[in-house]
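Here is a friendly look at how the chains of one model are arranged. Take a moment with the picture, then read on.

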Number of protein chains: 4
Amino acid sequence: MTKGRLEAFSDGVLAIIITIMVLELKVPHEADLAALRPLIPIFLSYVLSFIYIGIYWNNHHHMLQAVRQVNGAVLWANMHLLFWLSLIPFVTAWSGENFFAAMPVALYGVVLLMSAIAYYILSRVLVWHHGKDSTLAIALGRDFKGKISVVIYSVAVLLSFVNSWLALMLYVAVAIMWLIPDRRIEKTLSS
Amino acid sequence: MTKGRLEAFSDGVLAIIITIMVLELKVPHEADLAALRPLIPIFLSYVLSFIYIGIYWNNHHHMLQAVRQVNGAVLWANMHLLFWLSLIPFVTAWSGENFFAAMPVALYGVVLLMSAIAYYILSRVLVWHHGKDSTLAIALGRDFKGKISVVIYSVAVLLSFVNSWLALMLYVAVAIMWLIPDRRIEKTLSS
Amino acid sequence: MTKGRLEAFSDGVLAIIITIMVLELKVPHEADLAALRPLIPIFLSYVLSFIYIGIYWNNHHHMLQAVRQVNGAVLWANMHLLFWLSLIPFVTAWSGENFFAAMPVALYGVVLLMSAIAYYILSRVLVWHHGKDSTLAIALGRDFKGKISVVIYSVAVLLSFVNSWLALMLYVAVAIMWLIPDRRIEKTLSS
Amino acid sequence: MTKGRLEAFSDGVLAIIITIMVLELKVPHEADLAALRPLIPIFLSYVLSFIYIGIYWNNHHHMLQAVRQVNGAVLWANMHLLFWLSLIPFVTAWSGENFFAAMPVALYGVVLLMSAIAYYILSRVLVWHHGKDSTLAIALGRDFKGKISVVIYSVAVLLSFVNSWLALMLYVAVAIMWLIPDRRIEKTLSS
């Protein structure tokens, strides 16, 4: 089975997720700068989530590069990842509209955590399908970044009940870590 | 006529259907856990519909694999399927917001029933176009799962007026049956 | 310049247009059948517009089949067509929510008329780019259906101020005429 | 790394941006022509933004034609461009709903300015990746139109506090300048 439609469907879902988030920036009725002030936290949460969806698209793109074929298990592992990512607009809006209160920020972290786990499952299903000596398996390596992200998200979810800004800073830190492109796969593929 | 754009258009519509459903999860104004409680049935109906759209995408993907060419009749049979699937966000939201009352659950079943019939029509049009001895015809076989789904949906629609939870359990049961990937086509293609 | 991205972008826009129309079917708060009654005209206008977008996608698909290359003029003629089609959700909702009153039905007709003219312009730009002896030019022929549609829409717009149901019947009649697949191009291509 | 998914993802995002803008044309409850009058500025801002997204898609299409390969930096420069373009529906609606008041028109200009800068960065990253003697670098040339746009947008943002209609006329002027297709790349590619 070819991977073309899996990529096309994932691109479609990610493109829609990233774009419907902007609908939460409700157009104010007044035309002055003050009318934008309540939108600032919603805008900031939009920026963070935009970057996160960008990271997932980027990594998904990289990982699928090394994939030769897909099967039913891969399709469903991918659908599972898209499910958690589809909840990001909800937790983004909830966090933004409540000025980053504890519970919304914790739920944001839970969705990030589940997305990271879903991504990890997808990578394992792909490795299992391609074999431990495949280009893909070598390219993914020990997946240090994936594992450390899961740990940081878990800590951040708990921390958000102590201080939600600390949790947010951890989400930002993980995003920055991932913004550095995944050279493992690029290197292995070009060698 | 090539099948590329048929796949691309269907992927686009399915990606949008699956993603706009999440817009029904209206962001609550309060920031505590209690504010999420009324969203639970909406979330559950979202999960079920997400899985159903995933199943249709999955099966559509499988069936189109074995397709060599499409004509006008195929395009319209496909459009007919997309029409019924496009109503799933509406019945999902109606069921979720009314805590799975009888009428919304029955209508959910009607849309599932019509989608299953539309999928069956699409498969017949494809077989008719490719010939009874084609790889596609052999791969589809007697389509036991498709036929039994139609029967179960019909029973469930009637049952929903007796007990809507029984109907929902039947919808879940059909989904589980389909989650097992369609090995018929995979087998025939790889042999 | 290749036509691939032109098709992909058009597919994307058409897929979104067709799907956001369903958002006008606002979920009722009550869970009984009576709650659906006010939705009937909105549903009927949705069905008609779904079929129209389907027809445009179908014809666009057919016409682009015979296209070899595109240039800037083609891109903008295509964008012009997408602009008018993007207004269909608005006129669909306005017609449906006002039980097919004169003014909304007339505006619906104006948008159909402008879309038909935009489609005609696109076909002329393509013929002009490929030459009068090209497969495309021969396949399109005299474009009788395109021209008669423009005439019928114009009549229907005027008629809608006399009786909006007569206008609607003309819109339905044109849709039925187009539902018969465009064999001109299919024939010419396969010969 | 291939450019196929970069194009597909960008097409998806641009197709959604262009289509969700039409959702701001809120369907009026009355069925007469007077009910459309308050929608006129929203409609006009929709037309302008539709053309702007069309121009970006068009230029993006042209530029990517000459691209051979992409890397992580290109993906993120592209994501950065999509981020600013994703804010166009917001500033379009804000400008339209406030009859082109000073502050919304200025913010519209800021988003256009940032989009132009993001496009310029993307082109520089691509040239840096392909080399100064590449077909792409020669095709882009000195990028006069890109640079003059940035200047005009900056002037227009300041002007909008003096007279917002002057600013709007400058936005329209830049759009007209870009509507003339980018012959530089077409020429270089075909030579």
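How far apart are the nearest C-alpha atoms of chain A and chain C? They sit 9 Å apart, and the two chains do not touch, where a contact means heavy atoms within 4.5 Å.

## Before going on

This is a predicted model, in which local features need pLDDT of at least 70 and side-chain atom pairs count only at pLDDT 80 or more, while totals for chains, interfaces and linings use all residues. Residues are numbered from 1 along each chain as written, chains are lettered from A and ligands numbered from 1 in the order written, and side-chain values use heavy atoms, leaving out hydrogens and water.

## Chains B and D

Chain B and chain D have no contact either. Their closest C-alpha atoms lie 9 Å apart.

## From A to B

## From C to D

Chain D goes onto chain C by a turn of 90° and a shift of 0.0 Å along the axis, with an RMSD of 0.0 Å. These copies use different surfaces too, as 3% of the contact residues of chain D recur in chain C. Within chain D, Gly12(D) comes closest to the rotation axis, at 4.3 Å for its C-alpha.

Methods. Copies are superposed by least squares on the C-alpha atoms of residues with pLDDT of at least 70 in both.
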